[in-house]
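Hi everyone, thanks for coming. Let's bring it up on the screen.

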Amino acid sequence: MEYNIALLKGDGIGPEIVDSAVAVLEKVAEKFGHTFRFTEYLIGGAAIDATGVPLPQETVDGCLAADSVLLGAVGGPKWDTLPAQLRPEKGLLGIRAAMGLYTNLRPAKLYPALAGKCPLRADLVANGFDMLIVRELTGGIYFGDRGRREGQYGPEAYDTEAYSVMEIERICRVAMSAAQKRTGKVISVDKANVLETSRLWREIVHRVAEEYEGVTVEDMLVDNTAQQLVRNPSQFDVLVTTNMFGDILSDEASQITGSIGMLPSASLGDSTRGLFEPIHGSAPKYTGTGKANPIATVLSGAMMLRYSFDLKAEADAIEAAVDRALNDGCRTNDIAGPGDPVLTCGGMTEAILARI
Ligand code: IPM
Ligand code: MG
């Protein structure tokens, strides 16, 4: 089969890790007889430097015309002082919105080979963990009304969280279907003891769950979830939550896998076209040092094959190659233990390629 893939390399380590994922996708294409055509578009700081804006229209058009999109990361100190509308992050939020990607799937699992890098006590992760965070991606406080105004104590700033019934229903459906293919257990994360949006969220999540056979939902307050993730991560299977809670909890989940450099993500809407990106940022201080871990982006490529193109064997081949590389002791800087030989980003890419 032939597929057109838009590449948004972005900033910092973005270009290096996207190159790694492309090399892996090319190898899979060769092995399974597919053709992947890659076209690069600008986003984030790179786009600001070249065009003055973080998300040029050409990028939006290119992504909407592609079969799927692979993204590296955006942002860096160079653009930190720009006004809000011109920040690199605005490019990322803009492309998620323009493509209608309201679902963000963030799997987090403990690789047995990396158990020693997990900062939790061994007895807490004796059973390992394998969870899927389903994060709402185009609503909530990220996209609500915001601004500056004169308040009770003088000048103030505000951001607002709003969720419609429709937005909650559709993300809940994604979580319930995902749970049916897993253990059927959903934990819905909210702050219903304080927030009205959370009370609506709770109402809807239970109503939607009734439509899904074999699925049970438990509510968990977000502050408690933050504790439970480091106390007993094995209890989680599917978590479903809002944009901001999902952003925060997925970073926490990544730390207990050993490194944020391990977590891929899939952003999806109503079509098969998605945007696939590591959950980590552009790590400006590692740019060009070879210290970047390409695994999160390589695994994002695997998620693209699985979710956008329905190429299961091909996605499995990438995931198995990563497993084997880790089991064989291949380590980048972030996942190396004391005394382990350390591979560069390119070295890890070669190690994965050799195992496909
Ligand atoms: C993420 C990132 C982004 C987010 C930033 C860069 C806007 O932290 O993908 O988790 O908050 O969604
Ligand atoms: Mg984040």
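Let's start with R96: one of its polar side-chain atoms sits 2.7 Å from an oxygen atom of ligand 1. Please keep in mind that this is a predicted model. R106 also reaches the ligand, with a polar side-chain atom 2.8 Å from an oxygen atom of ligand 1. For R135, the distance from a polar side-chain atom to a ligand 1 oxygen is 2.8 Å. On its own, ligand 1 has 320 Å² of accessible area, and the protein covers 78% of that.

Now, which residues are around ligand 1? They are E89, L92, R96, R106, R135, Y142 and D247.

A283 is not a glycine, and yet it has a positive phi, about 40°. You can find A283 in the loop that runs between β12 (274-278) and α9 (295-307). Is A283 buried or partly exposed? Its relative accessible area is 25%, so A283 counts as partly exposed.

D310 is another non-glycine residue with a positive phi, here about 55°. Look for D310 in the loop between α9 and α10 (312-327). With a relative accessible area of 52%, D310 is exposed, because the cut-off for that word is over 50%.

Terms used: Residues numbered from 1 in each chain as written. Chains lettered and ligands numbered in written order. Predicted model: local features only at pLDDT ≥ 70, side-chain atom pairs only at ≥ 80, totals over all residues. Heavy atoms only, no water. Near = heavy atom within 4 Å. Polar contact = N/O pair within 3.5 Å; in protein donor to acceptor, adjacent residues only side chain to side chain. Areas by Shrake-Rupley, 256 points an atom, 1.4 Å probe, with all protein chains shown as cover. Helix = DSSP H or I, 4+ residues; strand = E, 2+ residues; numbered from the N terminus. Buried < 20%, exposed > 50% of the residue type's maximum accessible area, 1.4 Å probe, protein only.
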